[in-house]
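Me: I am new to this structure and would like to learn how to read its features one at a time. Could you take me through a few of them?

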Amino acid sequence: GGSSGTVISSQGTVDSSETPSQFTDADGNPTNGYQATTIVIGSSPVVDVVMSVVDLNSGEIEPTETLRYSMTVTNTGTSTATTVVLSDTIPANMTYTAGSIRVDNTAKTDANDADNANYNVTTAGAVTVNIGSLAASAQRLITFDVTINNGTAPGTGITNTASITSGNAPSDSDSETIYVGGVPGKGSITGKVFLDRNVNDV
């Protein structure tokens with residue numbers, strides 16, 4: 001046996017009573033030399049999901065405003081991932097926007113039909129997208145919209161998590177937390193800020 005990722009190189013010779021000995025050639029092109037045949041032990045798929053969120057109304061996140069979540073699903077492994085499924089349960093204080101699921105910018109319905117995406121069908125309260133097979137290095141972009149429920153108090157933190165499963169790869173997940181009254185990707189400081197011009201920690 002060998003460790004996953006180990007490269008094994010093999011090369012033979014062909015000989016006969018009428019011809020000189022000749023090395024085998026993996027690529028079949030004698031002009032670039034005689035190439036050994038190589039294989040990688042343990043080639044496998046690795047499915048990764050990365051989430052981001054934007055406020056479609058810009059500025060601070062307020063009740064009744066619409067947010068768009070984006071999930072980038074990538075196979076960073078060396079072989080095809082099978083039966084890949086993304087699932088995202090809409091968190092409390094948010095409401096899914098009907099008909100907003102898109103896969104690679106193609107609109108999907110919320111029903112359990114042939115477009116392989118649904119809301120509140122496979123899992124109650126969740127967006128589910130059946131990606132299917134995902135080749136090595138391939139990528140899918142999934143987006144959907146939600147609104148912040150009216151009456152959600154300022155300062156409320158809401159965490160959304162998307163999970164990926166596969167028939168032949170480890171599961172993965174990613175989360176984004178937003179705060180009502182805040183701006184995605186930005187923070188604030190309360191109090192005084194001083195600049196140490198002399199870089200002397202004073």
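Reply: Let us begin with Thr-83, which lies in strand 7, spanning residues 81–89; please keep in mind that the model is predicted.

Me: Is Thr-83 buried or exposed?

Reply: A residue counts as exposed when its relative accessible area is over 50%. Thr-83 has a relative accessible area of 51%, so Thr-83 is exposed. Its phi is near 40°, a positive value in a residue other than glycine.

Me: Where is Asn-116 found, and what is its phi near?

Reply: Asn-116 sits in the loop between strand 10 (106–107) and strand 11 (117–119), and its phi, near 65°, is likewise a positive value in a residue other than glycine. With a relative accessibility of 41%, Asn-116 counts as partly exposed.

Me: Why does Ser-70 count as buried?

Reply: Buried means under 20% relative accessible area, and Ser-70 is buried because its value is 18%. Ser-70 belongs to strand 6 (residues 66–75) and, leaving aside neighbours within four places in sequence, is in contact with Val-50, Met-51, Ser-52, Leu-141, Ile-142 and Thr-143.

Me: How many residues does the largest nonpolar core have?

Reply: In soluble globular proteins, nonpolar side chains tend to be buried together. Here the largest nonpolar core has 32 residues, and those with the most contacts inside it include Leu-67, Tyr-69 and Phe-144. Among the strands that each supply at least two residues of this core are strand 5 (47–55), strand 6 and strand 13 (139–148). Beyond its neighbours within four places in sequence, Leu-67 has contacts that include Val-53, Ile-61, Met-94, Phe-144 and Ile-178.

Methods: Residues numbered from 1 in each chain as written. Predicted model: local features only at pLDDT ≥ 70, side-chain atom pairs only at ≥ 80, totals over all residues. Heavy atoms only, no water. Helix = DSSP H or I, 4+ residues; strand = E, 2+ residues; numbered from the N terminus. Buried < 20%, exposed > 50% of the residue type's maximum accessible area, 1.4 Å probe, protein only. Contact = heavy atoms within 4.5 Å. Core = buried A, V, L, I, M, F, W, Y, C linked by side-chain atoms within 4.5 Å.
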